[in-house]
Amino acid sequence: MLKEQTLAEIVTRHPMAAAVFERHKLDYCCRGKRTLQDACENDPLLLNTVTTEVERVTRLEGGLSTYPEFDHLSLEELVQYIIGKHHHYVRSAMPLLDAHLRKVAGKHGERHPELHRIQHLFAQVKDDMDQHMFKEERILFPRILEIERAAQSASMHWIPDRHYITAPIHVMEAEHDEAGTALAEIHQLSSAYTPPDDACTTYRLVFEELKAFEQDLHQHVHLENNLLFPKAVALQQTIGTINLN
């Protein structure tokens, strides 16, 4: 039954369900291992509403979805998708978003002081995400691809120590939590990205940009935390472990 599936499982099989979870503030990335029933905290009305909406979008998804079948992708294909879609988006979106926030905070911050906190939080997210993606692309992702090649090789020259990918994975997951916490505070400070009546065009635009950025991050973290990382760890376990030192 749908209510007994985890949020991560549902979004992996039906990516369009992510929009339903976003709408009802159900965290399917960092807390995606909860079942739908647990995530709804035994609220029958909420569970029924979410279930109905998820079932509706999954019926429509067949002819509309442009997402790949993530669960059937190789680790290399998943890595390429994450870099090509999510890392590329983050790198292109952050400088413009940061500039817009600085402009809006400078112009409207006196009447809306929460903008200064939002701008500060996003600046920290920007710095952290730049470093985070660098570490993924230079350290973790190459190790994951090395694991996949080793598992596919008929004559493996080495077997990775169990910490070879789990150690950097733990660091990446902790950084995902930090980014998610910062964006959750921005979400709250901005009243769920609702601009005030006196907001100018750039003010309204930056809130739309922040909303899109948060939604992309949720999808990004979901693919890593709930799909790429567990599959990589499971694959490593199939080829055994040795101490590399």
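## Briefing on the predicted model

The structure holds zero disulfides, a disulfide being a pair of cysteine sulfur atoms within 2.5 Å. This is a predicted model, in which local features need pLDDT of at least 70 and side-chain atom pairs count only at pLDDT 80 or more, while totals for chains, interfaces and linings use all residues. Residues are numbered from 1 along each chain as its sequence is written, and side-chain values use heavy atoms, with hydrogens and water left out.

**Cysteines**

- The cysteine sulfur closest to that of Cys40 belongs to Cys29 and lies 16 Å away, which is too far for a bond.
- Cys40 counts as buried, at 2% relative accessibility; buried means under 20% relative accessible area, exposed means over 50%, and partly exposed lies in between (1.4 Å probe, protein chains only).
- Cys200 is partly exposed, and its relative accessible area is 21%.

**Overall fold**

- The chain contains eight helices and zero strands; helices (H or I, at least four residues) and strands (E, at least two) are DSSP runs, numbered from the N terminus.
- Read from the N terminus, the order of elements is α-α-α-α-α-α-α-α.
- Taken along the principal axes, the C-alpha atoms fill a box of roughly 65 × 40 × 30 Å.
- The chain has 245 residues, of which 45% count as buried.

**Helix geometry**

- Helix α8 spans residues 201-238 and has 38 residues; from its first C-alpha to its last it reaches 55 Å, close to the expected 56 Å. The expected span of a helix is 1.5 Å times one less than its number of residues.
- A bend of about 30° occurs in α8 at Glu224, where the bend at a residue is the angle between axes fitted to the seven residues ending there and the seven starting there.
- At Glu136, α6 bends by about 40°.

**Cavities**

- Two cavities of 30 Å³ or more are present in the structure. On a 1 Å grid over the protein atoms alone, a cavity is a set of points where a 1.4 Å probe fits but cannot get out, a pocket is an open set with protein on both sides within 12 Å along at least five of seven lines, and lining residues have an atom within 4 Å of a point.
- The largest cavity has a volume of about 100 Å³; grid points are joined across faces, edges and corners, and a volume is the space filled by probe spheres set on the points.
- Residues lining the largest cavity include Val11, Tyr67, Phe70, Lys85, His86, Gln219 and His222. Helices α5 (75-108) and α8 each contribute at least two residues to this lining.
- The lining of the largest cavity comprises seven nonpolar, three polar and one charged residues. In this scheme Ala, Val, Leu, Ile, Met, Phe, Trp, Tyr, Cys and Pro count as nonpolar, Asp, Glu, Lys and Arg as charged, and the others, Gly among them, as polar.
- The second largest cavity holds about 50 Å³ of space, and its lining consists of Asp128, Met129, His132, Glu175, His176, Glu178 and Ala179.
- Helix α7 supplies the largest share of the lining of the second largest cavity, four residues; α6 (114-152) and α7 (163-189) each supply at least two.
- By class, two nonpolar, two polar and three charged residues line the second largest cavity.

**Largest pocket**

- The largest pocket contains about 550 Å³ of space. It is lined by 23 residues, and those closest to its centre are Glu22, Lys25, His187, Glu214 and His218.
- At least two lining residues of the largest pocket come from each of α2 (17-23), α7 and α8.
- Nine nonpolar, five polar and nine charged residues make up the lining of the largest pocket.

**Loop between α7 and α8**

- Ser191 lies in the loop between α7 and α8 and has a positive phi of about 55° although it is not a glycine. Its relative accessible area of 47% makes Ser191 partly exposed.
- Tyr193 lies in the loop between α7 and α8, and its phi is positive, near 60°, in a residue other than glycine. Tyr193 is buried, with a relative accessible area of 6%.

- Leu96, in helix α5, is 110 residues from Val206 in sequence but 9.2 Å from it in space, C-alpha to C-alpha.
- Leu96 is partly exposed, at a relative accessible area of 47%.
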